[in-house]
Amino acid sequence: MQDFNFYSPTYFVFGKDKENLVGHYVKRFGGSKVLIHYGGGSVIRSGLMDRVKASLNKEGIDFVELGGVQPNPIDSKVYEGINLCRKEGVDFILAVGGGSTIDSAKAIAAGVKYDGDFWDFYSKPMPVTDAVKIGTVLTIPAAGSEGSGDSVITKTDGMLKWDASGEALRPTFSIMNPELTMTLPPYQTACGITDIMAHVLERYFTNTKDVEITDRMCESILQTMVKEGPRAIANPNDYAARANIMWAGMVAHNNLVGVGREQDWSSHRMEHELSALYDVAHGAGLAVMFPAWMKYVVKHDINRFAQIAVRVWNVPMDFANPEATALEGINRFEKFLSSIGMPINFEQLGAKEEDIPKMVERIGLKDGETIGGFVKLTSKDIENIYRLAVN
Ligand code: NZQ
Ligand code: ZN
């Protein structure tokens, strides 16, 4: 195991009706003038927004609102938010929604405190060290942004989907009521499940030795998703399934299971080109890219792939032919994704083979440069993986 520092200061408030306490927590964490940030309106239709406002009013906290964050959030909404916060003297940003809304809130929070263009944090290796305080009321378990120090924004000029990170971006508190996720359509639920599994897998595939504790934690999250995912899709009102998925989404991505080990975020990097180009859901893009990446790199460490096949996918170990075990694990993962309604190739996703050179070019590796930790991928490797994902 490698040395590490781990700081995850978010205060989590988990359970039924907890959104009614949001005013209390904004006050506790020092907010007096709030920007309520939200998406396309699901939180209004569900009645959640009324409860959030009632709670803020009860505590005498003043607020302004900015809705309209779209999935795969874009820069123009961020600039609008920064201007509004400065004009109104906002000192706390409350994101009510999913990863897109939370990421947009984080970008605004960083931008308000910065003299230059907020995009600098996304386009340069420049961690966010100062930001307006953020709180969240989560409505979809998926991105893990409620506990992470990351934000992903798309700059529409060039459709660049890039990320920023920094400890200042971790929410001060996140309210997680599993009941709020019961209105999710099955497809969005499945996209979330896929993203959560991908966050674990990006950490699981590592060259670091002696990481039994995080290996086992990763495997337990994956097993939980395999059990609870189909239950939530079959019965959207299954509180136990929703609750387990919701907490899994947080622990999968606040880096608790990724510390002390080299990670590999190639599948995410390749997926971001798909969601930038076709505006598809991030989880759906991952369902297409992850199995393709696995098939391409499996030979790098057959034993690790066989281990996950046995421990998570219940494949009997073929000691005479571990590669067969490894490949059967990938096969079962792909079948699982398909069974929960995810696309598993370009055609099902609506992506086009002829766009592959464009996507490779946009990743932008120069000669000799690579992405990935487990396996270092050149532009040619990336092209081969996109081609494996075609059908
Ligand atoms: O916009 P509204 O109307 O709220 O509808 C949303 C949206 O259409 C809907 N939705 C959310 N909660 C709902 C609901 N519909 C009914 N009932 C509910 N309870 O679901 C749709 C998707 O929402 P979105 O916020 O886009 O989903 P998600 O949480 O998957 O976020 C995706 C974004 O997060 C980024 C992705 O790239 C993508 O842009 N990621 C952020 C990460 C991070 N900050 O750490 C890491 C991830 O790897 C990921 O890249
Ligand atoms: Zn993700």
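Residues count from 1 along each chain as its sequence is written, while chains are lettered from A and ligands numbered from 1 in the order in which they are written. In this predicted model, local features need pLDDT of at least 70, side-chain atom pairs count only at pLDDT 80 or more, totals for chains, interfaces and linings use all residues, and side-chain values use heavy atoms, with hydrogens and water left out.

**View 1. The zinc ion (ligand 2) and its protein donors.** Asp195 (OD), His199 (NE2), His268 (NE2) and His282 (NE2) lie 2.0 to 2.2 Å from the zinc ion; donors are N, O and S atoms within 2.8 Å of the metal (3.2 Å for Na, K and Ca), and water is not among the atoms, so sites may look incomplete. Along the sequence, the donor residues follow the spacing D-x3-H-x68-H-x13-H. Asp195 and His199 sit about one helical turn apart because they are 4 residues apart in helix α7 (residues 186-204); helices are DSSP runs of H or I with at least four residues, strands runs of E with at least two, numbered from the N terminus. Asp195 is buried at 2% relative accessibility, and His199 is buried at 2% as well (buried means under 20% relative accessible area, with a 1.4 Å probe and protein chains only).

**View 2. Strand β2 (residues 33-38), largely enclosed by the rest of the structure.** Here 6 of the 6 residues are buried. Lys33, Leu35 and His37 point one way, and Val34, Ile36 and Tyr38 the other.

**View 3. The parallel neighbours of β2.** Strand β3 (residues 62-66) pairs with β2 over 5 bridges, with Lys33 opposite Asp62. Strand β4 (residues 92-97) also pairs with β2 over 5 bridges, and Val34 has Phe92 as its bridge partner there. Pairing requires at least two DSSP bridges between two strands.

Note on methods: Buried < 20%, exposed > 50% of the residue type's maximum accessible area, 1.4 Å probe, protein only.
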